[in-house]
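Good morning, colleagues. Please look at the sequence and the model together.

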Amino acid sequence: MKKKGFIFDLDGVIVDTAKYHFLAWKKLANSIGIDFSEEQNEQLKGVSRKASLEKILAWGNVTLTEEEFAELMSKKNEDYLGYINEMNEEEILPDVPKILNFILGKNQGVALGSASKNAKSILEKVNLLNKFEAIVDGNEVSKAKPDPEVFEIAAREIGMEPHNCIVFEDSLAGIQAANAIDMCSIGIGDATVLKDADFVFKDFTEISTDFINQLIND
Ligand code: BG6
Ligand code: MG
């Protein structure tokens with residue numbers, strides 16, 4: 001019997017695309033005379049494309065017309081797609097398939113909860129599309145993380161109550177979103193950044209199958 005729902009973020013959790021988002025945003029920001037640091041970039045993780053550009057413009061004190069704004073969003077995405085078009089299974093982060101397959105082997109619910117509108121094509125490229133019972137991405141949500149909408153929909157689609165769900169996230173916004181609806185939040189990355197998470201691991205190589213069993217049986 002399915003006891004728990006495991007919801008995975010995509011960028012920076014399953015694949016190392018967070019670095020490509022950073023490169024593409026940095027290039028775009030620099031092209032309009034704005035610069036930002038890696039610390040500031042943490043605030044862009046998990047956040048929608050639109051909300052990311054709004055933050056960058058605010059940092060640079062720049063206002064744009066609607067047309068200019070739309071043009072910059074598509075420019076950023078074109079540049080980003082240049083990176084992800086080259087992706088294959090080798091870019092799956094270490095031990096993600098091991099943990100994912102372990103969870104699936106235990107017949108638990110598995111969903112994707114990502115802000116990205118490119119989520120499905122990335123999963124296809126790395127050959128993981130068929131592992132998810134539900135895929136909720138940036139095309140289906142109207143409120144960006146830290147709003148919990150994306151995780152709420154994911155839980156519903158796999159037939160689980162939010163408090164029986166576990167979220168894997170690399171962004172502070174995503175951890176806050178999970179916490180807001182009483183999901184168990186597992187940070188993947190830097191413990192100082194992800195300080196609000198219930199648990200933090202550097203990456204999936206630090207997560208044992210015993211730990212997953214504990215989460216299932218808790
Ligand atoms: C999130 C990333 O997963 O998706 C953000 O962490 C990104 O950095 C957001 O801005 C939206 O992605 P996309 O692919 O729709 O531009
Ligand atoms: Mg992420």
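Is K45 buried, partly exposed or exposed? K45 is partly exposed, at a relative accessible area of 21%; here buried means under 20%, exposed over 50%, and partly exposed in between, with a 1.4 Å probe and protein chains only. This is a predicted model, in which local features need pLDDT of at least 70, side-chain atom pairs count only at pLDDT 80 or more, and totals for chains, interfaces and linings use all residues. Residues are numbered from 1 along each chain as its sequence is written, and side-chain values use heavy atoms, with hydrogens and water left out.

K45 pairs with E42 in a salt bridge, their closest N and O atoms lying 3.2 Å apart; the term requires a side-chain nitrogen of Lys or Arg within 4 Å of a carboxyl oxygen of Asp or Glu. E42 is likewise partly exposed, at 24%.

The structure holds eight salt bridges. One of them joins E169 and K145 at 2.6 Å, N to O. E169 belongs to strand β4 and K145 to the loop between β3 and α7, so the pair ties together parts 24 residues apart in sequence. Helices (H or I, at least four residues) and strands (E, at least two) are DSSP runs, numbered from the N terminus. E169 is buried at 0% relative accessibility, and K145 is buried at 3%. D9 joins K145 and E169 in a network of salt bridges.

Finally, helix α3 spans residues 49–59, with A51, S52, L53, I56 and L57 buried. Just after α3, N61 adopts a positive phi of about 55°.

Terms used: Chains lettered and ligands numbered in written order.
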